[in-house]
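Thanks for coming, everyone. Let me put the sequence and the structure up, and then we'll walk through them together.

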Amino acid sequence: MSVTETLRATIAAEGPIRFETFMDLALYHEGGFFSTGPLRSSATGDFLTSPEVSPWFGRTIGKYLASKRIETLVEVGAGSGSLLTPVLEDLPDIDVWAVEASPMARSSLENVIPHDRVADSFGRLPKRFSGAIVANELIDNLPVALAIKTDDGWNEHYVGVEGDEFVMVEVPARPDVVAWADVYGGEVTVDGIVEVQLAATSWLHRAIDRLESGVVVLIDYGGTAEELEPRRSQGTLRTYRGHHLGPDPLLEPGETDITVDVNFTALLAVAAERGVVAELHRQDDFLSEWGLRDIVRELKLKELEMARGGETMSQLVVRSERIDAETLLHPRGLGDFRVLIVEI
Ligand SMILES: C[S@@+](CC[C@H](N)C(=O)[O-])C[C@H]1O[C@@H](n2cnc3c(N)ncnc32)[C@H](O)[C@@H]1O
């Protein structure tokens, strides 16, 4: 069954569905964006992530993990394995697991780590362990509810069907959606949109539950509630396909990635609620602190030496490696991502 057929059948049986349910079906169920087609996070797929841009991302994260003496590493939403590969080159003895919802990504991961270490959900991991749980660009893909500010509170967008089309249907917001939007939405004018990230906060609770001690490292686009405030008139919900912004999320479910900016204030609040320490960094600052700017400088020097020695081909290879590493630090690009560290 295609996603469109599943959505139509569900809406016919139950009436309009929560946007969270729409997003979950469109991304992860039979025929969903991450359940079909090619591996999405790759040069030939739909988007390029930091570990796909340069192995220096994984190497730098690996350096941080080594400083924490991490012995068990779980990467959630591990994609092709492009973060794990360089980490394992530097930390070959680490006990590693990958959790992936996408079958294509799981088969790619089985080329990087043993088959029995690749799981489709948290359920197959040891119940409790000490170590690190790392996720790059996972949280932005977790289903959200859409709260709309009204004169006297919040409504919520459900998804219904009109003729051949999926349409947003505005209904009074559920109490947990209202509570979240009130606390983490910031100042929102009437008709403004807040993506309510209840799945993200419960995901972080589950990750913290798993760890006896260690760190959760979440890297993603987004910002604090305050930083996201200027985006509230339109909201941050968007789609990607083939490395470009895609159509309205309701138009071609299953054919596009659906994503939002992560509200890190809500995740920091989970850490505070659990009584654990959390720090939020920009990606450019975090990677620089763990030596990436020094690596870029070393690569530049190597390029110069090669140019002086007339080694043109090798110089071009190093130049491309240096440019990719610099891309991770671009202040208006990947460098503007956030790194949340939660220490347990
Ligand atoms: C944007 S991709 C990022 C992939 C990889 N981390 C990278 O940076 O290249 C998000 C990945 O998270 C996976 N994913 C989404 N929700 C998940 C969940 N609840 N558990 C495990 N994997 C999930 C998707 O299948 C997809 O491969």
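Let's start with a term: a salt bridge here is a side-chain nitrogen of Lys or Arg within 4 Å of a carboxyl oxygen of Asp or Glu. Before I use it, a word on where this comes from: what you see is a predicted model, where local features need pLDDT of at least 70, side-chain atom pairs count only at pLDDT 80 or more, and totals for chains, interfaces and linings use all residues. Residues are numbered from 1 along each chain as its sequence is written, and side-chain values use heavy atoms, with hydrogens and water left out.

Okay, salt bridges. By that rule the count comes to 17. Take Glu20 and Arg174, whose side chains meet at 2.8 Å, N to O. That pair links distant parts of the chain, 154 residues apart: Glu20 sits in helix α2 (residues 19-28), and Arg174 in the loop between β8 (165-172) and α7. The helices (H or I, at least four residues) and strands (E, at least two) are DSSP runs, numbered from the N terminus. Are these two partners buried or exposed? The words go by relative accessible area: buried is under 20%, exposed is over 50%, and partly exposed is in between, with a 1.4 Å probe and protein chains only. Glu20 is buried at 14%, and Arg174 is buried at 13%.

Next pair: Lys68 and Glu343 form a salt bridge at 3.1 Å, N to O. Lys68 lies in the loop between α4 and β2 and Glu343 in strand β17, so this bridge ties together parts that are 275 residues apart in sequence. Lys68 is partly exposed at 32%, and Glu343 is partly exposed too, at 29%.

Asp261 is in the loop between β14 (257-259) and β15 (262-263), Arg231 is in the loop between α9 (225-228) and β12 (238-241), and so the pair connects parts 30 residues apart in sequence. Asp261 is buried, at 7%, while Arg231 is partly exposed, at 32%. There's also a network of salt bridges, made up of Glu227, Arg282, Asp284, Asp336 and Arg338.

Now let's zoom out. How many helices and strands does the protein chain have? There are 13 helices and 17 strands. Of its 344 residues, 53% count as buried. The C-alpha atoms fill a box of roughly 70 × 45 × 40 Å along the principal axes.

On to the backbone. Most residues other than glycine have a negative phi. Arg69, though, has a positive phi of about 55° and is not a glycine. Arg69 lies in the loop between α4 (55-67) and β2 (72-76), and with a relative accessible area of 70% it is exposed. Glu137 also has a positive phi, near 55°. This residue is in the loop between β5 (129-136) and β6 (145-150), and Glu137 is buried, at 13%.

One last stop is Leu329, in the loop between α13 (312-327) and β17 (338-343). Leu329 is buried, with a relative accessible area of 6%. From Leu329 to Arg206 is 123 residues in sequence and 30 Å in space, C-alpha to C-alpha.

That's the tour, so over to you for questions.
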